[in-house]
Amino acid sequence: MNAASQLDAIGTRIDALRNGRGESITVLSNEARASSELLAALPPRYGEVLLNLLDRLESSALFSEESCSFSQKDLLDNLQVWVDKARAQLVS
């Protein structure tokens, strides 16, 4: 799978999670972490930010929304921003 396809897949999983379509945070995280083509095509900072967001999202999944300092909605919104910026970076 090429970098653009891997980015599309991550975006699709984020959208599904945001809209309650039965996706799992674990599946999103595993797929994003395994997107080696995508991470290789982006500057190193993108990988660092992605891993940080995924770590926080995984942590939020361990607790109810009220007891966690990380809002899953906010983290998913931030992941979508990351996808948008990564897409712009791939195009340029």
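Q: Lys and Arg count as positive and Asp and Glu as negative. With that in hand, how many positive and negative side chains does the protein chain have, and how far apart do the centres of the two sets lie?
A: The model is predicted. In the protein chain there are 9 positive and 13 negative side chains, with 3 Å between the centres of the two sets.

Q: Which pattern does the protein chain follow along the sequence?
A: The order is α-α-α-α-α, from five helices and zero strands. The radius of gyration is 13 Å, close to the 12 Å that the globule rule gives for 92 residues, so the chain is as compact as a globular protein of that length. A box of roughly 40 × 25 × 20 Å along the principal axes holds its C-alpha atoms.

Q: What share of the contacts with a separation of 6 or more comes from residues 24 or more positions apart?
A: Such residues account for 60% of those contacts in the protein chain.

Q: Where is Ser 35 found, and is Ser 35 buried or exposed?
A: Ser 35 sits in the loop between α2 (25–33) and α3 (36–41). Its relative accessibility is 2%, so Ser 35 counts as buried. Once neighbours within four places in sequence are set aside, Ser 35 is in contact with Gln 6 and Ile 10.

Q: Which helix contains Ala 16, and which residues does Ala 16 touch?
A: Ala 16 belongs to helix α1 (residues 3–18) and, at 6% relative accessibility, counts as buried. Not counting residues up to four places away in sequence, Ala 16 touches Arg 21 and Glu 23. The C-alpha atoms of Ala 16 and Ser 71 are separated by 17 Å, and these two residues are 55 apart along the chain.

Q: How many aromatic pairs does the structure hold?
A: The structure holds one. Tyr 46 and Trp 82 form this aromatic pair, with 6.3 Å centre to centre and 65° between the planes. Planes over 60 degrees apart count as edge-to-face, and the pair of Tyr 46 and Trp 82 is edge-to-face. Tyr 46 lies in helix α4 (residues 44–61) and Trp 82 in helix α5 (residues 72–91), so the pair ties together parts 36 residues apart in sequence.

Q: Are Tyr 46 and Trp 82 buried or exposed?
A: Tyr 46 counts as buried at 19% relative accessibility. Trp 82 is buried too, with a relative accessible area of 5%.

Definitions and conventions
Residues numbered from 1 in each chain as written. Predicted model: local features only at pLDDT ≥ 70, side-chain atom pairs only at ≥ 80, totals over all residues. Heavy atoms only, no water. Helix = DSSP H or I, 4+ residues; strand = E, 2+ residues; numbered from the N terminus. Rg over C-alpha atoms; globule rule 2.2 N^0.38 Å. Contact = heavy atoms within 4.5 Å. Charge placed at Lys NZ, Arg CZ, Asp CG, Glu CD. Buried < 20%, exposed > 50% of the residue type's maximum accessible area, 1.4 Å probe, protein only. Phe/Tyr/Trp six-rings, centres within 6.5 Å; stacked < 30°, edge-to-face > 60°.
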